[in-house]
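Reader: I would like to go through this model with you, one topic at a time. Could we begin with the strands and then turn to the interior?

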Amino acid sequence: MHTRSTTALAITCVALLSACSSMSPMAMDKPFSQDGLPDAVKVPAGNQVALQSVGVGQITYECRAKADAPGAFAWVFVGPQADLMSRGDSKLGTYFGPPATWAALDGSKITGTQLAVAPAGAGNIPSQLVKANPAMGAGAMSGVTYIQRVATQGGVAPASLCDGTAVGRKEVVKYQADYIFWKAI
């Protein structure tokens, strides 16, 4: 009897561990809360978190002449390149642009339109709210309605000199941000 109980318990544990390992890495994260976020970047009611990721990568800037100010120059955003990772450090997809594109490893991807930004602290790119366009391909990005960029670290334009002698020079800066994907309820 004792052997039968031990065997049954072992089988139950193996089944449970197998079920948990097949879950999406993000399914085990604690629920995301919008509390504390600026109202401008909060997702409207009627949506729920579908996927959480951490974007780890870089943003490229280029020194260009300002069109509206002759003789003035500025670092201009060229585009991002980042891996979208689970909180457990598994790769879920990529983020790149332009246009801003979030692509899951299953082949589904979305683009979107920026609705709002909010300051995220000195040295950090702003938090952002994006309205998703319909997904291309079936998969994790299907049905996504909004994307939030929050908890940003780094990513601002370089501090190096951008003048007439630097026009055309590109610089890459590292950044990290949480990308929260929402779907309609």
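Reader: Which way do the residues of E4 point, and are they buried or exposed?

Author: In this predicted model, Thr-101 and Ala-103 point one way from E4, Trp-102 and Ala-104 point the other way, and all are buried. Buried means under 20% relative accessible area, exposed over 50%, and partly exposed in between (1.4 Å probe, protein chains only). Strands (E, at least two residues) and helices (H or I, at least four) are DSSP runs, numbered from the N terminus. In a regular strand the side chains alternate between the two faces of the sheet.

Reader: What should I know about numbering and confidence?

Author: Residues are numbered from 1 along each chain as its sequence is written, and side-chain values use heavy atoms, with hydrogens and water left out. As this is a predicted model, local features need pLDDT of at least 70 and side-chain atom pairs count only at pLDDT 80 or more, while totals for chains, interfaces and linings use all residues.

Reader: In which sense do E3 and E4 pair?

Author: E3 and E4 pair in the antiparallel sense over 4 bridges; two strands pair if DSSP finds at least two bridges between them. These two strands form a hairpin with 4 residues between them, and Gly-93 stands opposite Ala-104 in E4.

Reader: And over how many bridges do E4 and E5 pair?

Author: E4 pairs with strand E5 (residues 109-118) over 3 bridges, in the antiparallel sense. Lys-109 in E5 is the bridge partner of Ala-103. The hairpin of E4 and E5 has 4 residues between the strands, and Gly-107 there takes a positive phi near 100 degrees.

Reader: How much space lies in the largest pocket?

Author: About 280 Å³ lies in the largest pocket. On a 1 Å grid over the protein atoms alone, a pocket is an open set of points with protein on both sides within 12 Å along at least five of seven lines, a cavity is a set of points where a 1.4 Å probe fits but cannot get out, and lining residues have an atom within 4 Å of a point. Grid points are joined across faces, edges and corners, and a volume is the space filled by probe spheres set on the points.

Reader: Which residues lie nearest the centre of that pocket?

Author: Of its 19 lining residues, Phe-77, Tyr-95, Gln-114, Gln-128 and Arg-149 lie nearest the centre of the largest pocket. E5 gives the largest share of this lining, 4 residues.

Reader: Which residues line the largest cavity?

Author: Ile-59, Phe-77, Pro-80, Tyr-95, Ile-125, Arg-149, Tyr-175 and Tyr-179 line the largest cavity, which has a volume of about 30 Å³. E2 and E8 each supply at least two residues of the cavity lining.

Reader: Changing topic: is Ser-53 buried or exposed?

Author: Ser-53, in strand E1, counts as buried because its relative accessibility is 1%. Ser-53 and Asp-178 are 125 residues apart in sequence, yet 5.7 Å apart in space, C-alpha to C-alpha.

Reader: And where is Asp-89 found?

Author: Asp-89 is found in the loop between E2 and E3, and counts as exposed because its relative accessibility is 60%.
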